[in-house]
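Please read it with the sequence and the structure open.

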Amino acid sequence: MNTKFSRSILIVLALLAISGFAHARGANEQAINSLAIYAIKGPSGVSMIRMFEYPPQIRGYEVKLEALAQADLMAARFISGDAKVGILPANVAAKIASSGKNIQIAAITGTGMLSLLTSDPAVQSLADLRGKTVEVAGQGATPDYVFRRLLLSGGINPEKDVTLSYALAYPEIAQSLIAGRVSTALLPEPFATMARSGKNDLRQIGDIQDEWIKAGGQGNYPMTVLAVDGDFAAYNPAAINAILESLKASIEWTVSNPAAAGVLVEKHDLGLRAPVISAAIPRSNYVFIPADQARPQIEALFKVFLEFSPASIGGSLPGDSFYYKP
């Protein structure tokens with residue numbers, strides 16, 4: 001009797017132990033969540049390229065990097081709540097925030113990298129653009145409105161004194177400059193480097209970034225930012241901190257190792273060839289500026305959007321809650 005009773009107790013304890021182990025294992029498995037960090041194919045994703053190779057290690061999360069084809073796809077994922085962390089143009093983040101979505105800028109990842117290139121011997125300065133046609137990359141985006149502000153600061157009315165054309169995509173502008181179908185164009189990196197490498201007599205007119213500061217800009221204007229879902233960031237500060245540290249390290253590594261970064265960009269299919277991106281990185285102004293330090297630069301750019309297209313950032317400057325605070 002005692003022996004049978006003891007065996008029964010042992011069996012029950014064994015079953016409880018197995019059940020407890022299974023429960024604990026299940027709990028641990030449930031605690032591991034998937035977290036996607038989104039980049040955008042093209043130059044916007046270059047700053048994150050080392051994170052593709054070495055995703056940040058975050059307790060409780062299985063982290064993966066994913067590159068989307070366009071910024072509007074990224075915006076849609078933030079609006080739907082699918083995206084918690086990703087790269088966006090600053091004005092797109094502001095536009096989403098104006099809709100009531102809790103989205104925040106955590107850091108600037110890239111600043112101005114625009115070049116005005118020409119093969120026209122009559123164009124030696126911005127003032128010489130009067131009466132000319134300039135192919136501009138990014139209608140309704142940062143390059144367009146920055147260029148318009150610079151033209152106005154130089155006394156050129158962009159609506160009357162010069163023809164701004166938006167007919168071509170970035171790679172097509174570069175190819176058209178090389179082929180001689182376009183004589184003057186405003187291009188970001190790496191497409192400016194692509195054009196210059198294909199046509200030796202292309203000249204850079206002035207320095208768009210310096211002209212921006214002369215026109216009243218606060219430092220260099222932001223081209224791309226890391227945006228975070230505000231609710232996710234509030235409940236996961238350690239995760240956001242790990243992502244920011246990983247991003248900062250990725251940018252520093254990319255700037256210091258352009259050849260190796262170019263290889264990774266091609267490996268992870270960001271849509272750019274290794275030799276082109278390797279040559280362009282030194283001119284590309286990849287930076288890491290936390291949001292609390294970047295706000296003056298961001299607001300200087302937003303004021304230009306308010307001047308030309310208020311609706312593109314929601315009609316007013318975003319408030320304090322738009323800027324992530326660790």
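Tyr145, Phe305 and Phe308 come together in one aromatic cluster. The model is a predicted one, and seven aromatic pairs are found in the structure.

**Aromatic pairs**

- Phenylalanine 302 and phenylalanine 322 make a tilted aromatic pair, with 6.3 Å from centre to centre and 45 degrees between the planes.
- Because phenylalanine 302 belongs to helix α14 (residues 291-308) while phenylalanine 322 sits in the segment after α14, this pair ties together parts that are 20 residues apart in sequence.
- Phenylalanine 322 also pairs with tyrosine 323, and since the ring centres are 5.3 Å apart and the planes stand at 80 degrees, that pair counts as edge-to-face.
- Phenylalanine 302 is buried, its relative accessible area being 0%; phenylalanine 322 is likewise buried, at 2%, and tyrosine 323 is buried with a relative accessible area of 4%.

**Largest pocket**

- The largest pocket holds about 790 Å³ of space, and among the 29 residues lining this pocket, those closest to its centre are Ile40, Ser44, Ala71, Pro89 and Tyr170.
- Two or more lining residues are given by each of the elements α2 (43-46), α5 (90-98), α6 (142-153), α7 (170-179) and β10 (222-229).
- Sorted by class, the lining of the largest pocket is made up of 17 nonpolar, ten polar and two charged residues.

Key
Residues are numbered from 1 along each chain as its sequence is written. This is a predicted model: local features need pLDDT of at least 70, side-chain atom pairs count only at pLDDT 80 or more; totals for chains, interfaces and linings use all residues. Side-chain values use heavy atoms; hydrogens and water are left out. Rings of Phe, Tyr and Trp (its six-membered ring) pair if their centres lie within 6.5 Å; planes under 30 degrees apart count as stacked, over 60 as edge-to-face and the rest as tilted. Helices (H or I, at least four residues) and strands (E, at least two) are DSSP runs, numbered from the N terminus. Buried means under 20% relative accessible area, exposed over 50%, partly exposed in between (1.4 Å probe, protein chains only). On a 1 Å grid over the protein atoms alone, a cavity is a set of points where a 1.4 Å probe fits but cannot get out, and a pocket is an open set with protein on both sides within 12 Å along at least five of seven lines; lining residues have an atom within 4 Å of a point. Grid points are joined across faces, edges and corners, and a volume is the space filled by probe spheres set on the points. Ala, Val, Leu, Ile, Met, Phe, Trp, Tyr, Cys and Pro count as nonpolar, Asp, Glu, Lys and Arg as charged, and the others, Gly among them, as polar.
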